[in-house]
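Welcome! Open the structure in your viewer, switch to a cartoon view, and follow along from stop to stop.

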Amino acid sequence: MLDDFLIRATLAGIGVALAAAPLGCFVVWRRMAYFGDATSHAAILGIALSFALSISVFTGALAIALIMAVTVSILSGRGYAMDTLLGVMAHSALALGLVAVSFLPHVRLDLMGYLFGDILAVSKNDLIVIWGGAALVISLMAYRWSALLTATLNDDLARASGIDPRREQLILTVCLAVVVAVAIKVVGVLLIVAMLIIPSAAARPLARNPESMALIAAALGALSAILGLRMSYVHDTPAGPSIVCVAAGLFVSALILGRVRASFS
Amino acid sequence: MTLIQTKDMTVRLGGHVALRNVDFSIAPKEIVTIVGPNGSGKSTLLKALIGAVKPEAGSITRQNDLRIGYVPQKLHIDQTLPITAKRFLCLPTRRNDNDIAAALARVGAHDLLDKQMSALSGGQFQRVLLARALLEKPELLILDEPTTGLDQPGSAALYRLIADLRDELGAAILMVSHELHVVMSASDRVICLNGHVCCHGTPDIVASAPEYRALFGTGTQGALALYRHDHDHSHDHAPKDDTTDKNTDETSCDEGCC
(Lines give C-alpha, C1' and ligand atoms only; values in the text may rest on other atoms or scores of the structure.)
Protein backbone atom coordinates (compact mmCIF):
# COMPACT_ATOMS: atom_id res chain seq x y z
CA MET A 1 0.00 0.00 0.00
CA LEU A 2 2.86 2.36 0.90
CA ASP A 3 4.27 1.79 -2.57
CA ASP A 4 1.69 4.18 -3.96
CA PHE A 5 3.20 7.68 -3.91
CA LEU A 6 -0.22 9.27 -3.45
CA ILE A 7 -0.90 7.23 -0.32
CA ARG A 8 2.52 8.10 1.10
CA ALA A 9 1.85 11.78 0.35
CA THR A 10 -1.57 11.64 2.02
CA LEU A 11 -0.15 9.98 5.14
CA ALA A 12 2.64 12.59 5.27
CA GLY A 13 0.11 15.43 4.98
CA ILE A 14 -2.10 13.98 7.71
CA GLY A 15 0.91 13.50 10.01
CA VAL A 16 1.96 17.13 9.67
CA ALA A 17 -1.62 18.36 10.06
CA LEU A 18 -2.08 16.43 13.33
CA ALA A 19 1.13 17.80 14.87
CA ALA A 20 0.54 21.32 13.57
CA ALA A 21 -3.00 21.57 15.01
CA PRO A 22 -2.35 21.79 18.79
CA LEU A 23 0.84 23.81 18.24
CA GLY A 24 -0.95 26.07 15.77
CA CYS A 25 -3.58 26.86 18.41
CA PHE A 26 -0.87 28.13 20.76
CA VAL A 27 0.70 30.09 17.91
CA VAL A 28 -2.68 31.79 17.40
CA TRP A 29 -3.44 32.33 21.12
CA ARG A 30 0.01 33.67 21.92
CA ARG A 31 0.26 35.67 18.68
CA MET A 32 3.44 33.89 17.64
CA ALA A 33 2.85 33.81 13.87
CA TYR A 34 5.93 35.86 13.09
CA PHE A 35 7.87 33.66 15.45
CA GLY A 36 6.89 30.69 13.29
CA ASP A 37 7.95 32.57 10.15
CA ALA A 38 11.39 33.31 11.59
CA THR A 39 11.89 29.69 12.59
CA SER A 40 10.73 28.20 9.30
CA HIS A 41 12.56 30.67 7.04
CA ALA A 42 15.78 29.94 8.94
CA ALA A 43 15.35 26.28 8.00
CA ILE A 44 16.53 27.09 4.43
CA LEU A 45 19.90 27.95 5.95
CA GLY A 46 19.82 24.58 7.71
CA ILE A 47 19.14 22.84 4.39
CA ALA A 48 22.16 24.57 2.77
CA LEU A 49 24.30 23.54 5.74
CA SER A 50 23.12 19.95 5.60
CA PHE A 51 24.27 19.69 1.98
CA ALA A 52 27.61 21.32 2.78
CA LEU A 53 28.19 18.96 5.71
CA SER A 54 26.61 15.91 4.05
CA ILE A 55 24.12 15.34 6.86
CA SER A 56 20.41 14.66 6.45
CA VAL A 57 18.22 17.60 5.52
CA PHE A 58 16.00 16.86 8.52
CA THR A 59 18.92 17.11 10.97
CA GLY A 60 20.29 20.31 9.44
CA ALA A 61 16.90 22.02 9.29
CA LEU A 62 16.03 20.93 12.83
CA ALA A 63 19.32 22.23 14.23
CA ILE A 64 19.04 25.68 12.62
CA ALA A 65 15.31 25.92 13.41
CA LEU A 66 16.07 25.13 17.06
CA ILE A 67 18.83 27.75 17.23
CA MET A 68 16.57 30.35 15.61
CA ALA A 69 13.59 29.50 17.82
CA VAL A 70 15.62 29.66 21.03
CA THR A 71 17.27 32.95 19.98
CA VAL A 72 13.90 34.53 19.24
CA SER A 73 12.49 33.13 22.47
CA ILE A 74 15.28 34.70 24.52
CA LEU A 75 14.98 38.04 22.73
CA SER A 76 11.21 38.12 23.21
CA GLY A 77 11.62 38.61 26.96
CA ARG A 78 13.82 41.67 26.54
CA GLY A 79 11.29 44.26 25.46
CA TYR A 80 12.46 44.81 21.88
CA ALA A 81 9.95 45.83 19.22
CA MET A 82 9.24 42.22 18.39
CA ASP A 83 7.57 42.49 14.99
CA THR A 84 10.47 44.50 13.57
CA LEU A 85 13.09 42.26 15.14
CA LEU A 86 11.40 39.08 13.94
CA GLY A 87 10.90 40.55 10.48
CA VAL A 88 14.61 41.30 10.32
CA MET A 89 15.56 37.83 11.52
CA ALA A 90 13.06 35.86 9.41
CA HIS A 91 13.97 37.43 6.12
CA SER A 92 17.70 37.71 6.83
CA ALA A 93 17.76 34.00 7.63
CA LEU A 94 15.89 33.18 4.42
CA ALA A 95 18.17 35.41 2.30
CA LEU A 96 21.29 34.06 3.98
CA GLY A 97 20.11 30.52 3.32
CA LEU A 98 19.48 31.26 -0.36
CA VAL A 99 22.93 32.86 -0.71
CA ALA A 100 24.54 29.93 1.12
CA VAL A 101 22.89 27.51 -1.32
CA SER A 102 24.54 29.33 -4.25
CA PHE A 103 27.96 28.57 -2.76
CA LEU A 104 27.31 24.87 -3.30
CA PRO A 105 27.83 24.60 -7.09
CA HIS A 106 28.45 20.86 -7.03
CA VAL A 107 25.06 20.24 -5.43
CA ARG A 108 22.01 20.22 -7.64
CA LEU A 109 19.48 21.55 -5.19
CA ASP A 110 15.80 21.66 -6.02
CA LEU A 111 15.18 24.98 -4.31
CA MET A 112 11.52 25.12 -5.29
CA GLY A 113 11.06 21.76 -3.58
CA TYR A 114 12.21 23.21 -0.26
CA LEU A 115 10.42 26.53 -0.58
CA PHE A 116 7.05 25.04 -1.53
CA GLY A 117 7.39 21.40 -0.54
CA ASP A 118 7.67 18.22 -2.53
CA ILE A 119 5.07 16.04 -0.90
CA LEU A 120 4.72 13.69 -3.87
CA ALA A 121 8.39 12.66 -3.42
CA VAL A 122 7.90 11.53 0.20
CA SER A 123 9.74 8.25 0.79
CA LYS A 124 9.03 5.55 3.37
CA ASN A 125 11.91 6.92 5.44
CA ASP A 126 10.43 10.42 5.26
CA LEU A 127 7.17 8.97 6.53
CA ILE A 128 8.94 7.50 9.56
CA VAL A 129 10.59 10.87 10.30
CA ILE A 130 7.32 12.80 9.85
CA TRP A 131 5.22 10.46 12.00
CA GLY A 132 8.01 10.16 14.59
CA GLY A 133 8.24 13.94 14.86
CA ALA A 134 4.46 14.29 14.97
CA ALA A 135 4.19 11.68 17.75
CA LEU A 136 6.88 13.50 19.74
CA VAL A 137 5.17 16.89 19.40
CA ILE A 138 1.68 15.55 20.16
CA SER A 139 2.77 13.62 23.25
CA LEU A 140 4.86 16.52 24.58
CA MET A 141 1.93 18.90 24.18
CA ALA A 142 -0.57 16.47 25.68
CA TYR A 143 1.73 15.96 28.67
CA ARG A 144 2.16 19.73 29.30
CA TRP A 145 -1.30 20.82 28.09
CA SER A 146 -2.64 22.30 31.35
CA ALA A 147 0.61 24.06 32.20
CA LEU A 148 0.93 25.44 28.66
CA LEU A 149 -2.62 26.77 28.78
CA THR A 150 -2.18 28.37 32.21
CA ALA A 151 1.06 30.05 31.11
CA THR A 152 -0.71 31.29 27.97
CA LEU A 153 -3.48 32.90 30.05
CA ASN A 154 -1.22 34.80 32.44
CA ASP A 155 2.39 34.56 33.61
CA ASP A 156 1.68 35.43 37.23
CA LEU A 157 -1.28 33.08 37.46
CA ALA A 158 1.05 30.33 36.23
CA ARG A 159 3.81 31.22 38.67
CA ALA A 160 1.35 31.30 41.56
CA SER A 161 0.46 27.69 40.63
CA GLY A 162 4.12 26.67 40.56
CA ILE A 163 4.45 26.70 36.75
CA ASP A 164 7.48 28.36 35.19
CA PRO A 165 6.21 30.25 32.10
CA ARG A 166 9.69 30.34 30.56
CA ARG A 167 9.90 26.56 30.60
CA GLU A 168 6.50 26.27 28.89
CA GLN A 169 7.62 28.80 26.29
CA LEU A 170 10.73 26.68 25.67
CA ILE A 171 8.58 23.56 25.17
CA LEU A 172 6.51 25.37 22.53
CA THR A 173 9.72 26.59 20.91
CA VAL A 174 11.15 23.08 20.64
CA CYS A 175 7.84 21.73 19.27
CA LEU A 176 7.83 24.51 16.68
CA ALA A 177 11.33 23.59 15.50
CA VAL A 178 10.34 19.91 15.18
CA VAL A 179 7.17 20.72 13.24
CA VAL A 180 9.13 23.00 10.91
CA ALA A 181 11.72 20.29 10.27
CA VAL A 182 9.16 17.59 9.47
CA ALA A 183 6.86 19.86 7.45
CA ILE A 184 9.50 21.11 4.99
CA LYS A 185 8.97 18.14 2.69
CA VAL A 186 5.20 18.49 2.82
CA VAL A 187 4.48 22.20 2.34
CA GLY A 188 7.94 23.84 2.17
CA VAL A 189 9.37 26.57 4.39
CA LEU A 190 7.24 29.36 2.96
CA LEU A 191 3.91 27.68 3.74
CA ILE A 192 4.60 25.99 7.10
CA VAL A 193 3.07 28.83 9.09
CA ALA A 194 -0.04 28.51 6.93
CA MET A 195 -0.44 24.89 8.09
CA LEU A 196 -0.05 26.05 11.70
CA ILE A 197 -2.38 29.00 11.62
CA ILE A 198 -5.11 28.44 9.05
CA PRO A 199 -6.68 25.23 10.46
CA SER A 200 -6.54 26.71 14.01
CA ALA A 201 -8.08 29.98 12.90
CA ALA A 202 -10.77 28.02 11.04
CA ALA A 203 -11.49 26.00 14.20
CA ARG A 204 -11.92 29.10 16.39
CA PRO A 205 -15.54 30.02 15.49
CA LEU A 206 -16.58 26.36 15.85
CA ALA A 207 -15.03 25.75 19.29
CA ARG A 208 -16.09 26.54 22.86
CA ASN A 209 -13.02 25.24 24.68
CA PRO A 210 -9.27 25.06 23.98
CA GLU A 211 -9.29 21.28 23.61
CA SER A 212 -12.13 21.24 21.09
CA MET A 213 -10.37 23.97 19.10
CA ALA A 214 -7.23 21.80 18.83
CA LEU A 215 -9.24 18.72 17.82
CA ILE A 216 -11.28 20.59 15.21
CA ALA A 217 -8.06 22.15 13.88
CA ALA A 218 -6.54 18.67 13.53
CA ALA A 219 -9.59 17.44 11.62
CA LEU A 220 -9.64 20.48 9.32
CA GLY A 221 -5.88 20.19 8.73
CA ALA A 222 -6.14 16.51 7.82
CA LEU A 223 -9.11 17.25 5.56
CA SER A 224 -7.09 20.00 3.84
CA ALA A 225 -4.24 17.54 3.19
CA ILE A 226 -6.58 14.91 1.71
CA LEU A 227 -8.63 17.31 -0.44
CA GLY A 228 -5.57 19.35 -1.44
CA LEU A 229 -3.77 16.28 -2.74
CA ARG A 230 -6.90 15.19 -4.58
CA MET A 231 -7.13 18.62 -6.21
CA SER A 232 -3.44 18.47 -7.10
CA TYR A 233 -3.90 15.03 -8.70
CA VAL A 234 -7.02 15.93 -10.67
CA HIS A 235 -6.04 19.42 -11.83
CA ASP A 236 -2.26 18.95 -11.90
CA THR A 237 -1.67 21.84 -9.48
CA PRO A 238 1.37 22.08 -7.10
CA ALA A 239 0.60 19.89 -4.08
CA GLY A 240 1.74 22.05 -1.10
CA PRO A 241 -0.02 25.24 -2.26
CA SER A 242 -3.14 23.19 -3.12
CA ILE A 243 -3.32 21.94 0.49
CA VAL A 244 -3.04 25.50 1.79
CA CYS A 245 -5.71 26.69 -0.67
CA VAL A 246 -8.16 24.08 0.62
CA ALA A 247 -7.33 25.10 4.21
CA ALA A 248 -8.03 28.73 3.29
CA GLY A 249 -11.37 27.68 1.77
CA LEU A 250 -12.27 25.81 4.97
CA PHE A 251 -11.33 28.91 6.99
CA VAL A 252 -13.75 31.10 5.02
CA SER A 253 -16.52 28.47 5.33
CA ALA A 254 -15.96 28.18 9.10
CA LEU A 255 -16.07 31.94 9.47
CA ILE A 256 -19.41 32.14 7.64
CA LEU A 257 -20.79 29.17 9.59
CA GLY A 258 -19.73 30.82 12.86
CA ARG A 259 -21.45 34.08 11.90
CA VAL A 260 -24.65 32.34 10.83
CA ARG A 261 -24.74 30.33 14.07
CA ALA A 262 -24.11 33.44 16.18
CA SER A 263 -26.94 35.34 14.52
CA PHE A 264 -29.39 32.49 15.16
CA SER A 265 -28.48 32.04 18.85
CA MET B 1 2.62 33.53 64.28
CA THR B 2 2.66 34.70 60.68
CA LEU B 3 1.68 33.11 57.38
CA ILE B 4 4.27 34.93 55.36
CA GLN B 5 6.96 37.38 56.32
CA THR B 6 9.60 39.45 54.54
CA LYS B 7 12.67 40.85 56.27
CA ASP B 8 14.62 43.76 54.82
CA MET B 9 13.56 42.66 51.33
CA THR B 10 14.91 44.48 48.27
CA VAL B 11 13.56 43.67 44.80
CA ARG B 12 15.09 44.86 41.57
CA LEU B 13 13.00 44.89 38.41
CA GLY B 14 14.68 45.45 35.05
CA GLY B 15 17.52 47.59 36.41
CA HIS B 16 15.70 49.79 38.89
CA VAL B 17 14.99 49.08 42.53
CA ALA B 18 11.24 48.52 42.82
CA LEU B 19 11.21 47.80 46.55
CA ARG B 20 13.85 48.42 49.18
CA ASN B 21 14.15 47.19 52.76
CA VAL B 22 10.56 46.07 53.07
CA ASP B 23 9.51 44.39 56.30
CA PHE B 24 6.09 42.84 55.90
CA SER B 25 4.09 40.16 57.61
CA ILE B 26 0.52 38.94 57.69
CA ALA B 27 -1.12 36.84 60.39
CA PRO B 28 -3.92 34.26 59.97
CA LYS B 29 -7.35 35.84 59.36
CA GLU B 30 -5.87 39.30 59.11
CA ILE B 31 -7.02 41.70 56.39
CA VAL B 32 -4.23 43.92 55.12
CA THR B 33 -4.66 46.57 52.43
CA ILE B 34 -1.70 48.03 50.56
CA VAL B 35 -2.11 51.51 49.09
CA GLY B 36 0.35 53.61 47.13
CA PRO B 37 0.68 55.57 43.87
CA ASN B 38 1.36 54.00 40.48
CA GLY B 39 4.81 52.47 40.23
CA SER B 40 5.19 52.31 44.00
CA GLY B 41 5.91 48.58 43.97
CA LYS B 42 2.51 47.32 45.18
CA SER B 43 2.17 44.64 42.52
CA THR B 44 5.87 43.81 42.83
CA LEU B 45 5.38 43.08 46.53
CA LEU B 46 2.53 40.67 45.73
CA LYS B 47 4.61 39.00 43.01
CA ALA B 48 7.49 38.54 45.43
CA LEU B 49 5.10 36.99 47.96
CA ILE B 50 3.70 34.45 45.47
CA GLY B 51 7.27 33.68 44.33
CA ALA B 52 7.00 35.17 40.84
CA VAL B 53 9.99 37.49 41.38
CA LYS B 54 13.03 36.75 43.52
CA PRO B 55 14.27 39.34 46.03
CA GLU B 56 17.77 40.67 45.46
CA ALA B 57 18.42 40.98 49.18
CA GLY B 58 16.59 40.12 52.37
CA SER B 59 14.36 37.13 52.96
CA ILE B 60 10.84 35.79 52.48
CA THR B 61 9.61 33.17 54.93
CA ARG B 62 6.44 31.24 54.15
CA GLN B 63 4.62 28.93 56.51
CA ASN B 64 5.07 25.31 55.39
CA ASP B 65 2.69 24.32 52.57
CA LEU B 66 0.98 27.69 52.67
CA ARG B 67 -2.01 27.60 50.31
CA ILE B 68 -2.28 30.91 48.47
CA GLY B 69 -5.25 31.93 46.35
CA TYR B 70 -4.10 34.59 43.90
CA VAL B 71 -6.31 36.99 41.94
CA PRO B 72 -4.16 38.87 39.42
CA GLN B 73 -4.68 42.53 38.58
CA LYS B 74 -5.69 42.23 35.00
CA LEU B 75 -6.08 39.15 32.98
CA HIS B 76 -6.71 39.62 29.33
CA ILE B 77 -8.07 36.55 27.61
CA ASP B 78 -7.46 36.80 23.90
CA GLN B 79 -10.53 36.65 21.65
CA THR B 80 -8.83 33.83 19.73
CA LEU B 81 -8.87 31.58 22.81
CA PRO B 82 -12.25 29.94 23.38
CA ILE B 83 -12.69 28.94 27.01
CA THR B 84 -15.72 28.61 29.26
CA ALA B 85 -15.68 29.71 32.89
CA LYS B 86 -15.93 26.05 33.90
CA ARG B 87 -12.81 25.07 31.95
CA PHE B 88 -10.99 28.16 33.21
CA LEU B 89 -11.63 27.11 36.81
CA CYS B 90 -9.97 23.76 36.07
CA LEU B 91 -6.61 25.33 35.14
CA PRO B 92 -4.11 24.04 35.94
CA THR B 93 -5.72 21.64 38.45
CA ARG B 94 -8.82 19.68 37.51
CA ARG B 95 -11.72 20.27 39.97
CA ASN B 96 -14.89 18.31 40.44
CA ASP B 97 -18.20 19.74 39.23
CA ASN B 98 -19.69 20.15 42.72
CA ASP B 99 -16.76 22.22 43.98
CA ILE B 100 -16.88 24.40 40.87
CA ALA B 101 -20.62 24.99 41.23
CA ALA B 102 -20.21 25.78 44.94
CA ALA B 103 -17.36 28.24 44.36
CA LEU B 104 -19.25 30.06 41.59
CA ALA B 105 -22.42 30.17 43.70
CA ARG B 106 -20.47 31.60 46.64
CA VAL B 107 -19.29 34.57 44.59
CA GLY B 108 -22.75 35.05 43.07
CA ALA B 109 -21.77 33.83 39.62
CA HIS B 110 -23.54 30.46 39.33
CA ASP B 111 -25.06 31.47 35.99
CA LEU B 112 -21.65 31.99 34.37
CA LEU B 113 -20.59 28.32 34.35
CA ASP B 114 -20.92 27.81 30.58
CA LYS B 115 -20.24 31.40 29.50
CA GLN B 116 -17.20 32.25 27.42
CA MET B 117 -14.57 34.08 29.49
CA SER B 118 -14.02 36.69 26.78
CA ALA B 119 -17.73 37.59 26.91
CA LEU B 120 -17.79 38.44 30.65
CA SER B 121 -18.06 41.97 32.01
CA GLY B 122 -15.37 43.34 34.32
CA GLY B 123 -17.32 42.54 37.48
CA GLN B 124 -18.26 39.03 36.29
CA PHE B 125 -14.64 38.35 35.38
CA GLN B 126 -13.46 39.40 38.86
CA ARG B 127 -15.99 37.03 40.44
CA VAL B 128 -14.81 34.10 38.34
CA LEU B 129 -11.18 34.89 39.24
CA LEU B 130 -12.21 35.00 42.89
CA ALA B 131 -13.98 31.64 42.54
CA ARG B 132 -10.81 30.18 41.06
CA ALA B 133 -8.83 31.40 44.06
CA LEU B 134 -11.44 29.90 46.43
CA LEU B 135 -11.00 26.47 44.85
CA GLU B 136 -7.46 26.48 46.23
CA LYS B 137 -9.03 26.49 49.74
CA PRO B 138 -6.58 29.27 50.54
CA GLU B 139 -5.09 30.18 53.90
CA LEU B 140 -4.03 33.45 52.31
CA LEU B 141 -6.06 35.19 49.62
CA ILE B 142 -4.09 37.74 47.59
CA LEU B 143 -5.99 40.20 45.40
CA ASP B 144 -4.31 42.75 43.14
CA GLU B 145 -6.61 45.78 42.74
CA PRO B 146 -9.79 43.69 42.70
CA THR B 147 -12.07 46.71 42.25
CA THR B 148 -10.43 48.06 39.09
CA GLY B 149 -13.15 48.86 36.59
CA LEU B 150 -15.97 48.54 39.13
CA ASP B 151 -18.18 51.45 40.16
CA GLN B 152 -18.54 52.35 43.82
CA PRO B 153 -21.55 50.11 44.61
CA GLY B 154 -19.77 47.32 42.73
CA SER B 155 -16.60 47.85 44.75
CA ALA B 156 -18.56 47.94 47.99
CA ALA B 157 -20.35 44.69 47.10
CA LEU B 158 -17.03 43.01 46.31
CA TYR B 159 -15.50 44.25 49.58
CA ARG B 160 -18.48 42.89 51.55
CA LEU B 161 -18.08 39.55 49.79
CA ILE B 162 -14.35 39.47 50.61
CA ALA B 163 -15.03 40.29 54.27
CA ASP B 164 -17.64 37.49 54.44
CA LEU B 165 -15.20 35.08 52.83
CA ARG B 166 -12.58 35.89 55.44
CA ASP B 167 -15.03 34.84 58.15
CA GLU B 168 -16.14 31.67 56.33
CA LEU B 169 -12.76 30.45 55.16
CA GLY B 170 -10.73 31.69 58.08
CA ALA B 171 -8.26 32.94 55.47
CA ALA B 172 -6.04 35.97 55.74
CA ILE B 173 -6.59 38.55 53.00
CA LEU B 174 -3.98 40.74 51.39
CA MET B 175 -5.11 43.21 48.78
CA VAL B 176 -3.79 46.12 46.83
CA SER B 177 -5.92 49.20 46.31
CA HIS B 178 -5.26 51.89 43.76
CA GLU B 179 -7.05 54.42 45.93
CA LEU B 180 -4.89 56.23 48.44
CA HIS B 181 -7.55 57.21 50.92
CA VAL B 182 -10.58 55.03 50.47
CA VAL B 183 -10.05 51.44 51.59
CA MET B 184 -12.07 48.43 52.65
CA SER B 185 -13.41 49.17 56.11
CA ALA B 186 -12.77 45.63 57.38
CA SER B 187 -9.00 46.14 56.89
CA ASP B 188 -7.10 45.43 60.10
CA ARG B 189 -4.05 47.23 58.79
CA VAL B 190 -3.30 49.56 55.89
CA ILE B 191 0.23 49.83 54.53
CA CYS B 192 1.22 52.79 52.40
CA LEU B 193 3.96 51.83 50.00
CA ASN B 194 6.20 53.93 47.80
CA GLY B 195 9.26 51.85 47.04
CA HIS B 196 9.44 51.28 50.77
CA VAL B 197 6.92 51.20 53.59
CA CYS B 198 5.95 54.84 54.08
CA CYS B 199 3.45 54.41 56.86
CA HIS B 200 1.00 51.93 58.21
CA GLY B 201 -2.00 52.06 60.48
CA THR B 202 -5.67 51.27 60.83
CA PRO B 203 -8.42 52.74 58.67
CA ASP B 204 -10.96 55.10 60.19
CA ILE B 205 -14.47 53.75 60.10
CA VAL B 206 -16.39 56.81 59.03
CA ALA B 207 -19.55 55.44 57.54
CA SER B 208 -21.69 56.98 60.25
CA ALA B 209 -20.52 60.56 59.77
CA PRO B 210 -22.93 62.39 57.45
CA GLU B 211 -20.19 64.25 55.56
CA TYR B 212 -18.50 60.98 54.66
CA ARG B 213 -21.77 59.35 53.80
CA ALA B 214 -22.21 62.15 51.32
CA LEU B 215 -18.77 61.35 49.98
CA PHE B 216 -19.18 57.59 49.76
CA GLY B 217 -22.85 57.43 48.87
CA THR B 218 -25.44 55.42 50.76
CA GLY B 219 -25.21 52.17 48.82
CA THR B 220 -21.97 50.95 50.35
CA GLN B 221 -23.39 49.85 53.71
CA GLY B 222 -20.18 50.64 55.53
CA ALA B 223 -17.92 48.63 53.27
CA LEU B 224 -15.61 51.59 52.61
CA ALA B 225 -13.46 53.47 55.09
CA LEU B 226 -10.92 56.26 55.10
CA TYR B 227 -7.21 55.88 55.64
CA ARG B 228 -5.37 58.89 57.06
CA HIS B 229 -1.67 58.83 56.25
CA ASP B 230 0.48 59.49 59.28
CA HIS B 231 4.10 59.46 58.22
CA ASP B 232 6.81 58.80 60.73
CA HIS B 233 9.57 60.07 58.48
CA SER B 234 10.17 62.86 56.01
CA HIS B 235 11.36 62.91 52.42
CA ASP B 236 13.61 65.28 50.54
CA HIS B 237 11.14 65.85 47.76
CA ALA B 238 11.63 69.11 45.92
CA PRO B 239 8.58 71.31 46.34
CA LYS B 240 6.59 71.25 43.14
CA ASP B 241 4.87 74.55 43.62
CA ASP B 242 5.76 77.12 46.24
CA THR B 243 2.31 78.61 46.30
CA THR B 244 0.63 75.46 47.60
CA ASP B 245 0.58 75.48 51.33
CA LYS B 246 2.80 72.67 52.50
CA ASN B 247 0.78 71.01 55.17
CA THR B 248 1.28 67.65 56.74
CA ASP B 249 -0.69 64.45 56.61
CA GLU B 250 -3.29 63.58 54.02
CA THR B 251 -2.66 66.09 51.29
CA SER B 252 1.12 65.96 51.37
CA CYS B 253 0.74 62.26 50.88
CA ASP B 254 -0.52 62.72 47.37
CA GLU B 255 2.52 64.55 46.15
CA GLY B 256 5.17 63.78 48.70
CA CYS B 257 5.71 60.29 49.95
CA CYS B 258 2.75 58.66 48.34
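Are B:Ile68, B:Gly69, B:Tyr70 and B:Val71 of β5(B) buried or exposed, and which of them point one way from the strand? Keep in mind that this is a predicted model.

Select β5(B), residues 68–71. B:Ile68 and B:Tyr70 point one way, B:Gly69 and B:Val71 point the other way, and all are buried.

Now zoom out to the whole sheet. Six strands of chain B make up this open sheet, and you can trace them in the order β5-β6-β7-β3-β9-β10, with mixed pairing. At the edges are β5(B), where the tour began, and β10(B), residues 197–201; each pairs on one side only. As you go from one strand to the next, the twist averages 15°.

Time for the helices. Select α4 of chain B, residues 122–134: this helix packs on the sheet and touches β5 and β6 of chain B. The direction of α4(B) makes about 165° with that of β5(B).

For the last stop, select α5 of chain B, residues 152–169. Helix α5(B) lies across β3 (31–35), β6 and β7 (172–176) of chain B, and runs at about 155° to β7(B).

Technical notes. Residues are numbered from 1 along each chain as its sequence is written. Chains are lettered from A and ligands numbered from 1 in the order in which they are written. This is a predicted model: local features need pLDDT of at least 70, side-chain atom pairs count only at pLDDT 80 or more; totals for chains, interfaces and linings use all residues. Side-chain values use heavy atoms; hydrogens and water are left out. Two strands pair if DSSP finds at least two bridges between them. Helices (H or I, at least four residues) and strands (E, at least two) are DSSP runs, numbered from the N terminus. Axes are lines fitted to C-alpha atoms, for helices over the stretch in contact, and angles run from 0 to 180 degrees between N-to-C directions. Contact means heavy atoms within 4.5 Å. Buried means under 20% relative accessible area, exposed over 50%, partly exposed in between (1.4 Å probe, protein chains only).
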